[in-house]
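This note is meant for a reader who is meeting the structure for the first time. Please read the numbered points alongside the sequence and the model.

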Amino acid sequence: MNELLFVVNPVAGHGRSLRVFARLRAVLERVPGVRCVVWHTRGPGHARELAERAALEGYGRILAVGGDGTVHEALNGLMALSPAARGRIAFGVVPAGSGNDFARNTGIPRDPAALATLLASGPASPMDVGVVNGHYFANVAGVGFDAEVARQANRLPKFVPGALTYVFAALWTLSRYRNAAVRIVLDGEILERRVMLVAVGNGAGYGGGMRICPGARMDDGTFRVVVAGDLPKPSVLSLLPKVFSGRHVEHPLVEVYDARHVRIEAERPLAVQADGEIVAASPLSLEVVPSAVRVIGLLGRSSDATTRDHAATAWAPRSADEPPTAGTSPAPGPGPVVERPVADPHQDGRVDTGRRVDIA
Ligand SMILES: Nc1ncnc2c1ncn2[C@@H]1O[C@H](COP(=O)(O)OP(=O)(O)OP(=O)(O)O)[C@@H](O)[C@H]1O
């Protein structure tokens, strides 16, 4: 019997998650040999506990039902396990939140029939996980304007729908935000800048489809770091819509780097967001845990394929022992599962030089 363990956040997506899950479950229950086990979260932080417990109880396919906050919590639960225990688990998401950027970044289909097939029997591939000041994240961690937007978005009334939450929060924050002087260390290379934000992407997007780190791949062992410099407010306003296509990186004050280890110090304490949750204040240290978990989805088919491919043409060549880049990966899509062991976050001590990526 193929047992799927669902960790359902009943309040995600402003309560939409229960309806989304009911539809999916109806499809799954018609699939021979599949059994759904459903655990509901009871409050903030509970998804973390449930995901860890599910793994310890031996469930092999663990699915978070909710948005990026639920994924973030469940992922942190899995990262509490040993690499060997994590390696036995296929983790996935049923997108039922407001933003659903993890689902977007991992190419999860919206159609319930396609999703049911993928969750029940689709391949699981190794995915990197980021860690910032001890908190694991799947998509993007950041400091500066974006973290302030996340803080405001989390405080907005729940009737504001989906991506609009972030647009409202961004406009509100813009009216009062001041850029900050920061020192950024990218794999040993130091940058000193006045910035609007620094976004460190394991995945490409956040905020309901904003491709803040276009070209980021969750399976390449590196972060894509976007440093948005001392942009005046009118430029921010004109750049905001471009973030949805990833074209903001063409602005001369926006720099893009690849790095595995990042440290950021700021002139004043800045809130740090990871997957849209405020997790710390600056200074912050981030590193990639390569192939940390196995995820169900089509990692090579993230929704920013066009921008990613555009960016990949300018990537610096890598040495033979490095993971494949976007430009050298095999064609994305279902196929043999690549079985690589999951990594121990404390064993990847490699330090490399941050690479500037010329996007324009
Ligand atoms: N039973 C519960 N009651 C109240 N809050 C909960 C419960 N279970 C989980 N939560 C909290 O709900 C919050 C929102 O969940 P989540 O982020 O998944 O949905 P969302 O905000 O709609 O989606 P997104 O993050 O993609 O915009 C999380 O921060 C989580 O801690």
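1. In α7, the buried residues are F145, D146, A147, E148, V149, A150, Q152 and A153; buried means under 20% relative accessible area, exposed over 50%, with a 1.4 Å probe and protein chains only. Helix α7 spans residues 145-155, and because eight of its eleven residues are buried, the rest of the structure largely encloses it. Helices are DSSP runs (H or I, at least four residues), numbered from the N terminus.

2. The model is predicted: local features need pLDDT of at least 70 and side-chain atom pairs pLDDT 80 or more, while totals for chains, interfaces and linings use all residues. Residues are numbered from 1 along each chain as its sequence is written, and side-chain values use heavy atoms, leaving out hydrogens and water.

3. Helix α9 (residues 233-243) buries S235, V236, L239, L240 and V243. Viewed down the axis of α9, these buried residues fall within an arc of 145° (taken from the directions from the axis to the C-beta atoms), so they line one face of the helix. P234 and P241, on the other side of α9, are exposed.

4. The ligand is surrounded by 22 residues (a heavy atom within 4 Å), and G13, T41, T70, E73 and S98 are the closest. Helix α3 (residues 68-79) gives the most to this shell, with four residues.

5. An oxygen atom of the ligand lies 2.7 Å from a side-chain N or O atom of S98, and an oxygen atom of the ligand is 2.9 Å from a polar backbone atom of G99.

Methods:
A polar contact is a pair of N or O atoms within 3.5 Å; within protein, one must be able to donate a hydrogen and the other to accept it, and residues adjacent in sequence count only if both atoms are side-chain atoms. Helices (H or I, at least four residues) and strands (E, at least two) are DSSP runs, numbered from the N terminus.
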